[in-house]
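Trainee: I would like to go through the terms one at a time. For each one, please set the value against the cut-off and then conclude.

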Amino acid sequence: MELLIIILILVLIIVLPSIKVVPQSKCFIIERLGSYYATWNNGLHFKIPFIDRVSGVISLKEMVKDFAPQPVITKDNVTMQIDTVVYFQITDPKLYTYGVDNPINAIENLTATTLRNIIGELELDQTLTSRDIINSKMRSILDEATDPWGIKINRVEVKNILPPRDIQEAMEKQMRAERERREAILRAEGEKKSSILIAEGQKQSAILNAEAEKEAQIKAAEGQAEAILKVNTAEAEAIKLLKEAGADKSVLTLKSFDALEKVANGNATKIIVPSDLQNVATLGTTISEMFKDNK
């Protein structure tokens with residue numbers, strides 16, 4: 001009985017480790033007697049004790065590696081530090097395991113040499129303004145080079161470009177001068193627009209003042225003419241009423257003199273004074289002639 005328990009325990013010790021559960025997004029590389037046997041994907045698997053072994057656990061997720069800055073020299077002999085970030089994914093676990101020794105280190109070295117080759121064909125200004133071109137070229141070259149290793153390069157990003165300190169200071173001075181130039185241009189344009197607006201405002205004000213003065217003079221002239229017309233009409237009506245009321249010649253004569261005095265102060269240009277003011281008929285003719293001239 002004790003022997004049976006011991007055998008059972010030994011079986012459990014040997015068999016249980018041989019049962020493997022592969023989680024999602026991972027795979028196991030299985031070797032049998034030292035040679036590649038199979039790739040286990042997610043699920044339950046069983047390996048033969050002492051014959052099969054798990055030689056590697058591979059993650060199938062996309063991975064990100066941030067490599068240290070690399071010294072590179074541009075076409076115009078400027079040395080700068082550039083660091084890159086590589087996004088990659090393992091597409092063939094077998095090639096990744098047996099294709100190259102230390103794949104991550106191989107990708108880093110390949111990235112450094114590729115970056116030096118690309119930057120060596122560009123000048124400093126092109127390097128600073130052509131990140132998209134550099135990223136695209138590096139991704140294409142690295143993807144082709146790592147294909148035999150079972151690796152897919154999804155994206156390559158140039159993280160930082162650090163020129164020498166003296167060049168950075170020169171660039172900062174250039175940018176500061178450019179900002180000051182733009183500020184001066186904007187200030188001058190603002191002052192120009194302000195002067196134009198002030199001049200246009202003064203012009204409009206002068207026009208409006210002239211039109212207002214003109215309107216005032218017209219209204220004043222119209223009012224004066226209307227007042228004279230009303231006074232003349234009132235005087236004529238008064239004389240007419242006196243005549244109809246049977247006033248004697250002396251009253252009509254006085255009223256005629258009064259009317260002539262007021263008309264003479266107006267715009268009349270023609271006044272006829274008869275030699276015989278006692279003649280009422282002559283006075284009526286005079287007043288009629290005066291009103292005709294005023295009209």
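Predicted model: local features only at pLDDT ≥ 70, side-chain atom pairs only at ≥ 80, totals over all residues.

Trainee: In what order do the strands of the open sheet lie?
Mentor: The order is β3-β2-β5, 3 strands with antiparallel pairing. The edge strands are β3 (35-40) and β5 (52-59), since each pairs on one side only. Neighbouring strands of the sheet are turned by 25 degrees against each other on average, direction ignored. Axes here are lines fitted to C-alpha atoms, for helices over the stretch in contact, with angles from 0 to 180 degrees between N-to-C directions.

Trainee: How confident is the predictor in the protein chain, in terms of pLDDT?
Mentor: The average pLDDT (confidence in each residue, from 0 to 100) is 80, and 81% of the residues score at least 70. Residues 268-273 fall below 50, and that stretch has 8 contacts in the model beyond near neighbours in sequence. Residues 290-295 are also below 50, with 8 contacts on that count. A contact means heavy atoms within 4.5 Å.

Trainee: Which residues have the most contacts inside the largest nonpolar core?
Mentor: Ile82 and Ile134 do, in a core of 30 residues. Such a core is a set of buried Ala, Val, Leu, Ile, Met, Phe, Trp, Tyr and Cys residues joined through side-chain atoms within 4.5 Å. The elements giving two or more residues to this core are β2, β8 (79-90), α3 (103-119), α5 (131-146) and β9 (151-162). Helix α3 gives the most, with 6 residues. Apart from this core lies another, of 5 residues, among them Val22, Ile30, Ala38 and Trp40.

Trainee: What does Ile82 touch?
Mentor: Leaving out residues up to four places away in sequence, the neighbours of Ile82 include Gln70, Leu115, Ile119, Val158 and Ile161.

Trainee: Why is Gln70 called buried?
Mentor: Buried means under 20% relative accessible area, exposed means over 50%, and partly exposed lies in between (1.4 Å probe, protein chains only). Gln70 has 16%, so the residue counts as buried. Gln70 is found in strand β7 (residues 70-73). Beyond four places in sequence, Gln70 is in contact with Met80, Gln81, Ile82, Glu108, Ala112 and Arg116.

Trainee: How do you know that Asp66 and Lys159 form a salt bridge?
Mentor: The definition asks for a side-chain nitrogen of Lys or Arg within 4 Å of a carboxyl oxygen of Asp or Glu. For Asp66 and Lys159 the closest N and O atoms are 2.8 Å apart, so the pair qualifies. The pair links distant parts of the chain, 93 residues apart, with Asp66 in strand β6 (residues 63-66) and Lys159 in strand β9. Asp66, at 44%, is partly exposed, and so is Lys159, at 41%.

Trainee: How many salt bridges are there in the whole structure?
Mentor: The search finds 6. One of them joins Glu183 and Arg187, with the closest N and O atoms 3.0 Å apart.

Trainee: What separates Glu183 and Arg187 in helix α6?
Mentor: About one helical turn, because they are 4 residues apart in helix α6 (residues 165-244).

Trainee: Why is Asp92 called partly exposed?
Mentor: Its relative accessibility is 28%, so Asp92 falls in the middle class. Asp92 lies in the loop between β8 and α2 (93-98). Beyond four places in sequence, Asp92 touches Trp149 and Gly150.

Note on methods. Residues numbered from 1 in each chain as written. Heavy atoms only, no water. Pairing = 2+ DSSP bridges.
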